[in-house]
Amino acid sequence: MSGKTLYDKIWDAHLVTDTDGTSLLYIDRHLVHEVTSPQAFEGLRMAGRKVRAPGQTIAVPDHNVPTWEDRDKGIDNEESRIQLEALDKNAKDFGIHYYPVSDVRQGIVHIIGPEQGWTLPGMTVVCGDSHTATHGAFGALAHGIGTSEVEHVLATQTLIQQKSKNMKVEITGQLSPGVTAKDIVLSIIARTGTAGGTGYVIEYCGEAIRALSMEGRMTICNMAIEGGARAGLIAPDETTYDYVKGRPHAPKGAQWEAAMSWWKTLYSDDDAHWDKVVTLKGEDIAPTVTWGTSPEDALPITASVPAPDDFSGGKVDAVKRALEYMGLKAGTPLSAIEIDTVFIGSCTNGRIEDLRAAAAILKGHKIKDGLRAMVVPGSGLVRAQAEEEGLADIFKQAGFEWRKAGCSMCLAMNPDQLAPGERCAATSNRNFEGRQGRGGRTHLMSPAMAAAAAITGRLTDVRELTQPTPEPA
Amino acid sequence: MEKFTTLHGIAAPLPLINVDTDMIIPKQFLKTIKREGLGKNLFDEMRFDDNGDEIPTFVLNKPAYRDAEILISGDNFGCGSSREHAPWAIKDFGIRCVIAPSFADIFFNNCFKNGILPIPLPQEQVDILMKDAEKGANARITVDLEAQEITTSDGQTIPFEVDAFRKHCLINGLDDIALTLEKNAAIEGFEAQAAQARPWV
Ligand code: SF4
């Protein structure tokens, strides 16, 4: 018999029943936000049901919230306000943990879960949001669910599941200067396609992944869903334990020791079976940007916009449509594409390390004249820390707007939106048509690359700005 | 949940790959706290122009397909966000069955919770159905869930696979929360054991 993967181990530890090929999986943490939960709570009320494990359920508003300074005074948009009020009421009525807009710990659900120590290795974590995959960075089985499933978890603390297949994505060697976690994950998706992970749970491993901080690992797992996978996982190690230790809801004392002894067993056995394996060399990965309307439309910044004929099958028409939507001509160097807006934030790249990386590029520079640029920290605590470290001043001096925490222009449900035709360098995760506002054009990239684009006003190879100028002879 | 047994209806062809949930129902319609009423905004940005007028070339705006109950589309249908508003909008419009070479995972799950049958089929068979759908309103397709069989307008049959538990729930219109609550003893047993094994959770 072959050994087990990390996914197998977590799965087995949470299996309640297993009949007729359908499994009931126990859920350790359920994260809730305002957009995908009202109908679920309404369903509970109508059926006279309670939340089974309120202590394991955490709610925070993030998608709809405005990000300007005095947002505490209220929200103009009536529908958004109703959703926020509904979450407020549901959190109180059902007695679940809650971080309202006024709380400094409020932020994007996938940022505050780890920040508060709710997300721990070996857990099952779900949320009515596809980027729940983020929490997989801790070696937790974490994935998005629909609203009916939100209701199911609220009522039963379980989920009806079918087991996925195991896929290993290995990044060997080391990254070159200027290359970050975002470039890794965009390169993976460019290779495997947005449907390449469908039916799988991916475990990311290899030297280049091991070398990443927790922030970088979260960026990778965050976009597992963009590769079609149900979840992404990274086995816990010292980096993970160091991050978790001392967080408000992390175990303490003897419980910490007990947890550690289990966590240390959470890795894929050498003889585990993999249904699919993909390997990339860290050295081959360059700073990467997207040119189209699917996250798989990603290329090194040194490349040019491709032509529809470079592809085959259904992708030919898709690329035609994408180029038209994006207003791009085949053959244009990516680094010649001029932008109007820069958005730094989201659950992909709204953590402190992301802000540090962007600020390091921006320091002493101004954004290009006429450009609109904003930083939206992923949580109130990230914002506070960035202010303390002086990053906020760097952003402000460069000409960026410094915002309060939320999803903001990642999906433009709040007032932060692109106008039709407006072109944005974004650190978020989706470049779909209309994602950042109807007719808006999104190029995905790392925080450092977004900062570089802000300075030059066009998509820019960050290495041009960081390479030391040669000494005069 | 509404039962799904046999569907005999018009199929609309949407030959695009990677139809994402932002296309199916753009985010400005996610602000509702209800499940109903989203059908009028299904595929909103493809269906209506900036003035809110219908774009006549979009398939669901063509007279032949306004009453479509089946949608035939390309690879990776439903990718992107987990928003259940996507199947809610599809259902509210009147579509009960989506056929494509592959589906995104969460969307696929969400369909079954809402009485919609998503059917993944090999590309060649999707191509046959796509051609059939292109014939317009006279080309009615039959989807028989009990028999797991699709019949084209000219009588050709195509078998399909579906998970037994999901089929059972769809045919009988079962609410799976009630089914799970029947297993309450097992859940309690698990919780007791987990409290010992992983008390920090
Ligand atoms: S930041 Fe964007 S991707 Fe992340 S949860 Fe918010 S809307 Fe979703």
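This is a predicted model: local features need pLDDT of at least 70, side-chain atom pairs count only at pLDDT 80 or more; totals for chains, interfaces and linings use all residues.
**View 1. Extent of the interface between chain B and chain A.** The two chains bury about 5300 Å² between them, with 54% of that area on carbon and sulfur atoms. On the chain B side, Lys27(B), Lys31(B) and Trp200(B) lose the most area to chain A, together 16% of what that side buries. Chain A gives 73 residues to the contact, and chain B gives 55 residues.

**View 2. Salt bridges and polar contacts across the interface of chain B and chain A.** The rule finds 8 salt bridges between the two chains. Arg230(A) and Asp105(B) are joined through their side chains by a salt bridge, at 2.7 Å from N to O.

**View 3. Helices on the side of chain B that touches chain A.** Elements giving two or more residues to this side include H3 (85–93), H4 (105–112), H6 (164–172) and H8 (184–197) of chain B. The largest share, 6 residues, comes from H8(B). By residue class, this side of chain B has 22 charged, 21 nonpolar and 12 polar residues.

**View 4. The open sheet of chain B.** Its 7 strands run in the order S4-S3-S2-S1-S5-S6-S7, with mixed pairing. Strands S4 (117–120) and S7 (157–159) of chain B are the edge strands, each pairing on one side only. From one strand to the next, the twist averages 25°.

**View 5. Pairing of S6 and S7 in chain B.** Strand S6 (149–151) of chain B pairs with S7(B) in the antiparallel sense, over 3 bridges. Thr151(B) has Thr157(B) of S7(B) as its bridge partner.

Key
Residues are numbered from 1 along each chain as its sequence is written. Chains are lettered from A and ligands numbered from 1 in the order in which they are written. Side-chain values use heavy atoms; hydrogens and water are left out. Contact means heavy atoms within 4.5 Å. Buried area is the accessible area (1.4 Å probe) that two parts lose on being put together, summed over both. A salt bridge is a side-chain nitrogen of Lys or Arg within 4 Å of a carboxyl oxygen of Asp or Glu. A polar contact is a pair of N or O atoms within 3.5 Å; within protein, one must be able to donate a hydrogen and the other to accept it, and residues adjacent in sequence count only if both atoms are side-chain atoms. Helices (H or I, at least four residues) and strands (E, at least two) are DSSP runs, numbered from the N terminus. Ala, Val, Leu, Ile, Met, Phe, Trp, Tyr, Cys and Pro count as nonpolar, Asp, Glu, Lys and Arg as charged, and the others, Gly among them, as polar. Two strands pair if DSSP finds at least two bridges between them. Axes are lines fitted to C-alpha atoms, for helices over the stretch in contact, and angles run from 0 to 180 degrees between N-to-C directions.
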